[in-house]
Amino acid sequence: YICLCHGFTDKQVKSAIATGRRSVAEIYSHLGERPRCGKCVCEVRAMVAAAMPGASAEVAGSVRAPQTE
């Protein structure tokens, strides 16, 4: 799951991106939700960045939230 609050998956986010959604707000709206706790926002942004033409893995990875131990 990408969002535990709403239970949507990476497949659902990728599908929203494939239909032309390019912002977190557009993706959540497409999925019929609004961000709740915000923990998934960085991951959704990274997925959008990775889907952009010419995006490199380095650019997409730089959008991700740092991992905590």
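How many residues apart in helix α1 are K14 and D10? Select both: they sit 4 residues apart in α1 (residues 10-18), about one helical turn. Helices here are DSSP runs of H or I, at least four residues, numbered from the N terminus.

Before going on, note the ground rules. This is a predicted model, so local features need pLDDT of at least 70, side-chain atom pairs count only at pLDDT 80 or more, and totals for chains, interfaces and linings use all residues. Residues are numbered from 1 along each chain as its sequence is written, and side-chain values use heavy atoms, leaving out hydrogens and water.

**Stop 1: the salt bridge.** Keep K14 and D10 selected. Their side chains form a salt bridge at 3.9 Å, N to O. The term means a Lys or Arg side-chain nitrogen within 4 Å of an Asp or Glu carboxyl oxygen. The whole structure has 1. D10 is partly exposed, at 35% relative accessibility (buried is under 20%, exposed over 50%, partly exposed in between; 1.4 Å probe, protein chains only).

**Stop 2: the core.** Now select I2, F8, V13, I17, I27, Y28 and V44. These have the most contacts inside the largest nonpolar core, which has 14 residues. Such a core joins buried Ala, Val, Leu, Ile, Met, Phe, Trp, Tyr and Cys through side-chain atoms within 4.5 Å. Helices α1, α2 (24-30) and α3 (41-51) each supply at least two of its residues. α3 gives the most, with 4.

**Stop 3: confidence.** Color by pLDDT, the predictor's confidence in each residue, from 0 to 100. The chain mean is 83. Helix α1 is highest, at a mean of 96, and α4 (residues 57-62) lowest, at 45. Where pLDDT is low, the predicted coordinates should not be read in detail.
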